[in-house]
Amino acid sequence: MSQRTKIAELLQSTEFGKEITVKGWVRTFRNNQFIAINDGSCLGNIQAVVELNTMDEALLKRLTTGASVAVSGLLIESLGKGQKVELKVKTLEILGDCDAEKFPLQPKKHSLDFLREKAHLRFRTSTFSAVFKVRHVLAFGIHKFFNERGFVYMHTPIITASDAEGAGEMFKVTTLPFDSTPRDEEGKVDFREDFFGRATNLTVSGQLEAELGAMAFSEVYTFGPTFRAENSNTARHAAEFWMIEPEVAFNDLNDNMQLAEDMLKYVIRYALEQCPDELEFLKTRLLEEEKQKPQEERSELDLLAKLHFCLDNEFQRLSYTEAIDILRNSNHNKKKKFKYLIEGWGADLQSEHERYLVEKHFKKPVILTDYPKDIKAFYMRQNEDGKTVRAMDILFPGIGEIVGGSQREERLSFLEKRMEEMHIPLDELYWYLDTRRFGTVPHAGFGLGFERLIMFVTGMGNIRDVIPFPRTPKNAEF
RNA sequence: UCCUCCUUAGCUCAGCCGGUUAGAGCACAUGACUGUUAAUCAUGGGGUCCCUGGUUCGAGUCCAGGAGGGAGAGCCA
């Protein structure tokens with residue numbers, strides 16, 4: 001067995017008569033004659049054909065779903081329908097047996113639920129092979145986009161000492177013994193004896209550190225894991241997820257929106273170019289899945305049409321105040337079909353309101369701007385009206401909020417005042433405030449939930465199915 | 001965390017008003033067939049009906065509690 005040829009290459013090849021070797025895993029073995037082999041280089045399988053009575057019966061018995069094999073033979077034009085090329089087997093070696101009675105994957109449809117419990121094996125199914133290939137391509141596309149625009153990729157810390165951001169519950173990082181934690185004079189846990197000499201957590205955002213970088217490189221972005229210890233049990237939340245956070249000096253909110261829209265369109269287009277087979281497969285999968293649903297719950301557009309529609313249309317931009325007006329005057333609101341009726345200005349929008357705007361009213365991605373300051377973070381730039389801040393959320397159909405960002409408050413006095421109002425300790429964040437003390441500039445940035453982007457592009461409905469080993473409340477298997 | 005639904009063979013699921021020995025397809029075993037596409041056909045093995053308790057002559061089925069999972073909501077990305 002010499003060098004192996006990848007199946008992706010073979011399926012495109014017309015070098016008939018050439019002797020080649022493939023290595024991979026058996027997907028099915030049909031008719032005691034046809035082996036479908038997959039090596040992950042593409043979604044498709046190569047069909048290896050065993051000639052009758054040329055192979056040891058005992059060897060053929062071992063060709064079970066999941067077994068790993070090395071097969072050598074001649075590449076020929078397929079005699080049957082359904083594939084262009086196939087491999088006429090000369091030698092066949094089982095690299096690793098796979099007991100079909102114990103191996104959970106069968107050549108049939110499995111529920112996503114079931115496969116989630118077998119996350120260590122689910123890469124070997126077509127659906128997850130496609131999903132994680134798209135994940136890779138989207139990740140690469142994001143780096144490509146920012147690199148082409150001259151952004152510097154910045155690694156912000158995973159372990160942070162600041163607990164001042166108020167971005168949600170954090171996971172504590174400690175080496176203190178749980179059964180006899182050291183106590184200080186007041187009886188509280190004495191973190192001076194901890195590994196870092198102070199209380200530390202896993203990061204909930206790299207933004208504050210990214211802003212420091214932006215004050216030197218002008219354009220930076222982060223792309224790394226993020227942790228939230230919130231007890232969120234939904235299809236859109238995970239305790240460990242990946243986030244992309246660009247931060248750009250001299251940008252205002254409009255530049256920020258344009259950057260986000262350009263980036264999303266760039267990576268969606270990149271996925272369409274790089275993963276046509278995977279997305280076609282996922283489109284079909286979604287259509288099959290939606291056949292189970294009643295007519296009114298099915299999507300109007302199929303997956304590919306939805307992605308193209310997203311590329312071909314400008315995102316709808318409007319302010320929070322305009323959105324409230326639309327919602328308040330909608331028939332939906334007047335007929336009291338919202339669970340939470342829109343009555344006045346100032347309240348945060350509920351999921352049902354966001355969905356109405358995106359899926360019913362505009363029927364395309366929507367960017368909402370200029371939210372009331374009281375429902376947004378301390379670092380967002382205040383508008384002249386004294387009521388709103390230069391925030392923006394991008395809402396996608398089926399996913400909800402995919403991007404949250406803002407122009408940052410660059411004026412020291414405004415920032416300090418806001419932090420005091422929101423009880424954020426100024427002394428702990430002296431390093432953040434220094435950016436406003438020493439050569440402050442207008443700047444803006446946003447956070448993109450990477451898994452939510454993958455959900456949108458692949459059409460998968462649950463975040464647990466777009467990250468290899470999901471961490472959610474009560475689940476850290478594998 | 002709240003609300004709601006679900007849990008029956010290795011997998012997907014059926015099981016009516018509480019009534020005899022709990023079924024089907026796939027998977028597995030044995031055999032047949034051989035250009036198949038989740039191959040097909042025949043035969044066979046395979047069950048703690050999630051757990052605990054209760055009602056009843058009798059519980060997969062009804063009731064209570066618990067565990068696990070899904071969908072929706074909140075929080076958010």
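## Salt bridges across the chain

A residue is partly exposed when its relative accessible area falls between the 20% under which it is buried and the 50% over which it is exposed. In this predicted model, D262 has a relative accessible area of 24% and is therefore partly exposed. R149, at 40%, is partly exposed as well. The side chains of R149 and D262 form a salt bridge, with N and O 3.1 Å apart. R149 sits in the loop between α4 (126-148) and β6 (152-153), while D262 belongs to helix α6 (residues 253-274), so this pair ties together parts that are 113 residues apart in sequence.

The whole structure holds 31 salt bridges. Side chains of opposite charge can pair when their charged atoms come close.

## Other charged pairs

Helix α6 also contains the pair K265 and E261; because they are four residues apart, about one helical turn separates them. Their closest N and O atoms are 2.9 Å apart, in a salt bridge. K265 and E261 are both buried.

A further salt bridge, 3.4 Å from N to O, joins the side chains of D370 and R390. D370 is in strand β13 (residues 366-372) and R390 in strand β14 (residues 388-396), so the pair links parts 20 residues apart in sequence. D370 counts as buried at 14% relative accessibility, whereas R390 counts as partly exposed at 21%. Elsewhere, D113, R116, R122 and D465 are joined into one network by salt bridges that share partners.

## The surface near RNA strand B

RNA strand B is surrounded by 46 residues, of which N31, K81, E101, H237 and R452 are the closest. Of the RNA atoms that come within 4 Å of the protein, 47% belong to sugar and phosphate.

Several side chains approach the bases through N or O atoms. For R30, such an atom is 2.9 Å from a base oxygen of RNA strand B. For H237, the distance to a base oxygen is 2.7 Å.

## L327 and its surroundings

L327 is located in helix α9 (residues 320-328). L327 counts as buried because its relative accessibility is 0%. Apart from neighbours within four places in sequence, L327 contacts N333, F338, I342, L349, H353, Y356 and L357. One of these, L349, is 22 residues from L327 in sequence, with a C-alpha to C-alpha distance of 9.9 Å.

How values were computed: Residues are numbered from 1 along each chain as its sequence is written. Chains are lettered from A and ligands numbered from 1 in the order in which they are written. This is a predicted model: local features need pLDDT of at least 70, side-chain atom pairs count only at pLDDT 80 or more; totals for chains, interfaces and linings use all residues. Side-chain values use heavy atoms; hydrogens and water are left out. Helices (H or I, at least four residues) and strands (E, at least two) are DSSP runs, numbered from the N terminus. Buried means under 20% relative accessible area, exposed over 50%, partly exposed in between (1.4 Å probe, protein chains only). Contact means heavy atoms within 4.5 Å. A residue is near a molecule or strand if one of its heavy atoms lies within 4 Å of it. A polar contact is a pair of N or O atoms within 3.5 Å; within protein, one must be able to donate a hydrogen and the other to accept it, and residues adjacent in sequence count only if both atoms are side-chain atoms. A salt bridge is a side-chain nitrogen of Lys or Arg within 4 Å of a carboxyl oxygen of Asp or Glu.
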